[in-house]
Amino acid sequence: MINLYDILEAADGQLFGEPAAQLFPNFCYDAHAVQKGDLYVAMKTEHGDGHHFMEKAVQNGAAGIMCTHPPTFDTDGLTVIVMRNVEDALLRWTRLILQKYGTTVIAVGGSVGKTATQHAIAQVLRRAHTVYVGQYMLSGRLGLPLALGKLTAEDRFAVLQFSTTHVGEMAELVELARPIVGVVTTVQHRHLNHFGSLEAVAQEMRALVHGLPPEGLAVLNFDDERVRALAAEAPVPVLTVGLDIAEPTFGADLLAYNVLMDADKTGFDLRHGQTRHLGRWIPWLGSAHLYSALLALAVGMSYGIPLEDGLAALTELEPLPGRMCPLEGTGGALLVDDSCNASLEAVLSALDWLGAVKTQGRAIAVLGDLDDLGAHTPLAPVLIGQRAAATLDMLVTVGDLAAEIGRAAIEEGMPRERVALTFNPSDAAHAIQNTLGPQDIVLVKGGENARLERVVHHLLANPQDSARLVRQTGLYEVVTAERPLRPSWVVVDLQAVAYNTRRLKDIVGPQVALMAVVKGDAYGHGAVAVSTTALNNGAHYLAVSSLDEALALRTAGISAPILVDGYVPPWAARDVLHHNLTVALYDVEIARLFNRAAEEADQPIRAHVKLDLLGSSTFGLSPQDVTLFFRNMAHMPHLHIEGIYAELQDAHNDLEAAREHAQTFAELVAPLRAAGFHFRYQHIANSAAALHLPEARFNMVRVGSALYGLPPAPLTPLPADFSPALEWKTVIGQIKHISHQNAPYNAPNSPRRVALLPVGFADGFRRSPFGWQRVLVHGEYASVLGQVGLDVTAIDISHIEGVEVGEEVVLLGRQGPRVLTVGEIAEQLNTTPQEILCAVLARVPRLK
Ligand SMILES: *Cc1c(COP(=O)(O)O)cnc(C)c1O
């Protein structure tokens, strides 16, 4: 509960108008997540200025506002406190309130396990005391005041997380909240993008221990070598905890031994000095949680809770969302939701748990990308992949880094068919969903940004359990994913690719195979992720236009058949063989060379013969040469002719011509079949024909555009429910107010306000001969001014109010009610939608 007068005192603030509410149930800093009656704090962070969202916060139910300048809207019935600096005021309020209430602060630090440890400590202390547990919305020093909003004078203890975002912040936190007890869980591979090394993280934890007062207490994990080192030189009394499954096996003050991992609890015997407590258990799963329990018992002991009582209290722990939380999965499987966050060590430990508890059923893990591994990024997937291969029956990966885990597991000998690489939550769930049985155990774990609770959601037996997942507040649905460092980026919606693929498969029917065309890095969408997604949703074959594109897919672990529709140099036949690729054949001399290479390798080369019905513009065998070519084929037994195909260049402009081509194709193939050639696949249709010309489907269609939600041409639209899979965005970099004297754009009504965008032709934002005419800002169209630069572009925002630096700008895609379609841009640039997308250069990062 927050008292207005405490805020005024701490902030040296002033009331703006008559105050209304004087007591507030909590703080809120995100206008989207306001609860009724909250005190909204208009903070300035690197992500934006909260002052711009004051009105939104009030609409959402805020009863008060802390700000540096008062709102311009009507503040009747609202308490408005104006102060010089909101952040400082919050920090001063923290110190004031803790002193005023005389609360004893217990600080929990460490790389992972802070929340679980907080709850375990509260569980034990509540045997005899009133305890407040701070809930964290934000890490770093401002997280602390925000977590104290609900503290009352009755709370004797406050158990708080001290989570820091940079070196030196721990000392500030200690100075601010003056903890009496400092608990350190672990120093692990997480947050390394900020800290750089484990040593730097350990240094932060040292600041906690060394900031405790002489009468304080440090409670430390003895099994973590860096935390143990803190014990040796602590200036305060220390209690340590450990497990006998870790090295060294003794020395901790509180030691759990005979640890028994189970699927519904964790059993152990406990030793403290000469006393032993046998056959104890907690309802939490895994060794990380056991450490939390032991740390809590140690804190309890020092505040008069006998071990017996503490142990009894711990048997009543409730599972925490996203932290080894057991749920009922489809098919009656045990679904263990550990999707909250992940360090490298925590993933390994969770896999070990899975290996230990598995009985008759399968041990299955769904693993997502890990965040913040710093320089360890390349190594972590290898270590995890090895452990996965040793413990799992089935591995599903979600995302790019996680795919590396999958590849490492295969490398380590895990059978390929037991590793599913996926790139979005529904595909991940789909990979196992229908196979689950009551004996199976599914562990779901990944970093925060992987948001794997969405996988858990798909795997729940009871939909109402979705209330028990992490990150279920509206906030997470509103807040955009973390932005990359490059200020222009592409967002690829793989769910859209998945959906479009399933719809295409439905449309062409079960007799027609779907070949997904992923040339040109899947038209700029990212070939590996798109290929995998298409294959997971009904595509059967892939097509690329060069050998290197095919090899990149193979390297990424994709084993589906791949047609290289283009020139493959004969000297590369060995690569074709080694990677089991399918080549296009249209030349008898090249065919001979491939045949010879296949004979030498004693392995057939798979090929599709390509015919050219268009005259000259594609690779292909001219109709008059077909008979001779196939006569020669009779002497090339090492070529396995699996298919025959051709291109329909004009299908999107002229369906009649395409229909005739399809007819010609059928007439060319018929005599070959009569002569005994068997073609497993015959294909001619691209997206336009696959959708609009059923007689051109034969038994395979090659679709590119439609997968990506791109209408092939105005004449051949997509069904209305197909959705575009790519958006291209940037941000407002600077805003300039133009006076008439210095107007650079000598148009009659020259703009008054211009915004600069950090994007240009070096990103593929075309300059010449035609460029984009407009972009989207603040849900409105804004015209592009002058010439596009190499990496800067000016736009006119004279007519749009309230545009801020840092605000998102859409170059392609939707913003609010308006869209910029690829079709529109293609018309402006006098080209095809495909060229627009392929032109977004590789240096622009792709977010999935
Ligand atoms: C690019 C390509 C396609 C896909 O065309 P869309 O119109 O994008 O579906 C099909 N076949 C071949 C040979 C291609 O080169």
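I take buried to mean under 20% relative accessible area, exposed over 50%, and partly exposed in between, with a 1.4 Å probe and protein chains only.

**Basis.** The model I examined is predicted: local features need pLDDT of at least 70, side-chain atom pairs count only at pLDDT 80 or more, and totals for chains, interfaces and linings use all residues. Residues are numbered from 1 along each chain as its sequence is written, and side-chain values use heavy atoms, with hydrogens and water left out.

**Cysteines.** I looked up C28 and found it buried, because its relative accessibility is 7%. C838 is partly exposed, because its value is 38%. I then searched the whole structure for disulfides (pairs of cysteine sulfur atoms within 2.5 Å) and found zero. C28 accordingly belongs to no disulfide; its nearest cysteine sulfur is that of C67, 15 Å away.

**Ligand site.** The shell consists of V517, K519, Y523, D565, E647, N686, S687, R702, V703, G704, S705 and Q834. I sorted these by class, counting Ala, Val, Leu, Ile, Met, Phe, Trp, Tyr, Cys and Pro as nonpolar, Asp, Glu, Lys and Arg as charged, and the others, Gly among them, as polar. The shell has three nonpolar, five polar and four charged residues. Helix 19 (519–523) and strand 33 (700–703) each contribute at least two of the shell residues; helices (H or I, at least four residues) and strands (E, at least two) are DSSP runs, numbered from the N terminus.

I next recorded distances to the ligand. A polar side-chain atom of S687 is 2.4 Å from a ligand oxygen, and an N or O atom in the K519 side chain is 2.5 Å from an oxygen of the ligand. The side chain of R702 places an N or O atom 2.8 Å from a ligand nitrogen. Of the 380 Å² of accessible area that the ligand has on its own, the protein covers 88% (Shrake-Rupley method, 1.4 Å probe).

**H189.** I located H189 in the loop between strand 13 (181–184) and helix 7 (192–195). H189 is buried, because its relative accessible area is 10%. Its side chain makes a polar contact of 2.6 Å with that of E345; within protein, such a contact is a pair of N or O atoms within 3.5 Å, one able to donate a hydrogen and the other to accept it, and residues adjacent in sequence count only if both atoms are side-chain atoms. Beyond four places in sequence, H189 is in contact (heavy atoms within 4.5 Å) with L198, S343, L344, E345, L373 and H376.

Definitions and conventions: A residue is near a molecule or strand if one of its heavy atoms lies within 4 Å of it.
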